[in-house]
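Work through the exercises below with the coordinates open. Each task is followed by a stepwise solution.

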Amino acid sequence: MLPRPGLTAASAAAVAVALLPLVYLAVRAGEAGADRIAAELFTGRVAVLAGRSLALAAVVTAACVALGVAAAFLVARTDLPGRRALGVVAALPLAVPTYVAGFAWTATVDGFEGFWAAALLLTVCSYPYVYLPAVAALRRADPGQEEVSRSLGRGPWATLVGVTLRQIRPAVAAGALLVALYVLSDFGAVSIVRVDTFTRAIFTAFNLGFDRTGALVLSTVLVVLTVLLIGAELGTRTRDARYASTAVRPPARLALRRWRWPALTALLAVDALALGVPVFGLARWLGAGVSRPGSLAEVVAAAGGSLSVSLAGAAFTMLLALPLGLLAARAPGPVTTVLERLTYVAHALPGVVIGLSLVFFAVNVAYPLYQSVWLLALAYATLFLPLAVGAVASAAAQSPPAVEEAARSLGRGPFAVFRTVTLPLTLPGIGAGAALTFLTCMKELPATLLLRPTGMDTLATELWTHTSTAAYAAAAPYAVLLVALAAVPTWLLVARTGLTDAGPTAPGGTR
């Protein structure tokens with residue numbers, strides 16, 4: 001029998017929404033025929049694109065894990081000077097779209113292009129996907145296991161590697177998966193620094209229209225790579241038996257001693273790369289002035305468009321994510337795991353594929369949605385559902401199910417229990433998921449370019465229009481406002497980790 005039939009049915013409906021692009025790929029690829037697919041697939045170009053895309057994903061993911069875990073450990077578990085302020089700053093690169101950072105870097109540094117330029121851009125913009133869950137996990141981890149390790153004679157660094165990092169590995173693995181899928185789907189950074197990956201090749205083929213079958217084949221290969229990555233991440237979650245999730249007291253902080261200032265310098269250097277260059281570029285563009293009259297009204301209209309479509313996308317995504325997140329927390333098992341992992345498949349597809357698939361869906365199945373804000377909201381839900389599901393599941397897992405069982409024993413029905421008990425307990429997670437989804441909707445570009453209603457512009461589309469023609473002064477107001485608006489949900493995500501709380505501080509240097 002299926003676990004929680006009502007939640008399972010609602011979760012299956014949410015997954016069906018996320019898999020709509022795969023239906024489009026299957027239909028269009030089927031029209032091409034097996035011979036044409038084979039001719040497109042087994043070529044040297046596909047092999048080169050696959051190797052380069054996977055290499056970029058591997059380099060960026062490894063770098064993000066190293067940076068994210070190191071930054072999280074420094075601000076959560078050491079006596080690093082100014083760690084609370086640095087903890088907030090370390091998350092802010094999440095508010096900078098990769099195409100904004102890319103244009104800032106290329107306008108500031110001559111010859112900034114190629115594989116390693118893309119790796120640097122994607123790393124400094126993406127490492128908060130690992131940093132935020134890692135720092136939250138470090139603050140929740142039970143210090144008792146670490147104290148036992150120390151009592152058995154293991155030093156602080158051996159305890160860090162053998163105990164602490166093992167406790168937070170599920171959170172780090174989840175963040176690493178998001179980074180890897182983000183790299184595979186990113187269009188902004190790789191297009192600006194001229195690196196041919198699957199995403200850039202797919203966008204070029206679709207945009208120019210000369211090889212749509214080839215683009216569909218490349219998209220299908222990207223789906224296969226995504227499934228392999230999801231399987232690898234799932235394996236890291238199941239090999240270890242137990243992970244502590246709630247700390248009863250704050251852990252003692254590790255004294256860095258002579259490493260305090262080198263660690264502080266390294267963290268500041270990462271912040272300078274992630275935020276300093278974009279801020280410098282934006283300030284220079286803004287100082288150059290607005291290039292033509294009437295742009296203030298256009299900026300306000302674009303901001304209104306961004307806010308409206310991002311709010312609609314976040315609301316619809318959270319509506320779909322709620323049953324699946326609750327199912328993952330309350331009824332784990334094979335069925336739940338499959339449903340949850342299926343939401344990640346479309347997350348790695350380029351926005352252009354998502355956009356074209358939903359145009360196909362609207363024209364052939366749901367024509368009233370065509371050229372509406374809700375079709376774009378559907379695209380956002382397809383792209384960003386895993387982010388929302390993870391936030392809801394994490395919050396629901398931390399709320400005790402015994403409270404719900406007690407409410408049922410008092411005669412309350414399932415809906416009443418959900419409304420009065422489950423929903424209030426999971427509201428912090430819902431808020432965090434909504435903030436993260438809103439943030440990513442604000443930054444999304446390819447699907448927005450394709451699906452926004454006629455006459456509607458957003459900050460992202462206007463920014464792309466101006467920067468693609470090197471009109472950096474005209475683009476500056478859009479970029480500044482986009483980053484400023486994106487910083488608000490980023491702050492909310494940081495507050496969710498507890499870094500902004502004063503709280504009790506454990507004695508320094510007692511480890």
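**Exercise 1. Classify D196 by its accessibility, then find its charged partner.**

Solution. The model is predicted.
- Step 1: D196 has a relative accessibility of 40%.
- Step 2: Look for a salt bridge. D196 forms one with R200. The closest N and O atoms are 3.1 Å apart.
- Step 3: Apply the cut-off. A salt bridge requires nitrogen and oxygen within 4 Å, and the R200–D196 pair has 3.1 Å.

**Exercise 2. Locate the salt bridge of R194 and say which parts of the chain the pair links.**

Solution. 
- Step 1: The side chain of R194 meets that of E113 in a salt bridge, at 3.8 Å from N to O.
- Step 2: R194 is in the loop between α12 (188–192) and α13 (198–208). E113 is in the loop between α6 (98–108) and α7 (115–126).
- Step 3: The two residues are 81 residues apart, so the pair links distant parts of the chain.
- Step 4: Check the accessibility of R194. Its relative accessible area is 58%. Exposed means over 50%, so R194 is exposed.

**Exercise 3. Assign an accessibility class to each end of the R452–D457 salt bridge.**

Solution. 
- Step 1: The closest N and O atoms of R452 and D457 are 3.4 Å apart.
- Step 2: R452 has 22% relative accessibility and counts as partly exposed.
- Step 3: D457, with a relative accessible area of 28%, is partly exposed.
- Step 4: A search of the whole structure finds four salt bridges.

**Exercise 4. Is S372 buried or exposed, and what does S372 contact?**

Solution. 
- Step 1: S372 is found in the loop between α18 (351–364) and α19 (373–398).
- Step 2: Its relative accessible area is 15%. Buried means under 20%, so S372 is buried.
- Step 3: Leave aside neighbours within four places in sequence. S372 is then in contact with L451 and P453.

**Exercise 5. Describe the largest nonpolar core and the surroundings of F198.**

Solution. 
- Step 1: The largest nonpolar core has 158 residues.
- Step 2: Y99, Y131, F198, I202 and F206 have the most.
- Step 3: Take F198. Beyond four places in sequence, its contacts include V46, L49, A50, L218 and L225.
- Step 4: Turn to the whole protein chain. Buried residues make up 54% of its 511 residues. The chain has 24 helices and zero strands.

Note on methods:
Residues numbered from 1 in each chain as written. Predicted model: local features only at pLDDT ≥ 70, side-chain atom pairs only at ≥ 80, totals over all residues. Heavy atoms only, no water. Helix = DSSP H or I, 4+ residues; strand = E, 2+ residues; numbered from the N terminus. Buried < 20%, exposed > 50% of the residue type's maximum accessible area, 1.4 Å probe, protein only. Core = buried A, V, L, I, M, F, W, Y, C linked by side-chain atoms within 4.5 Å. Contact = heavy atoms within 4.5 Å.
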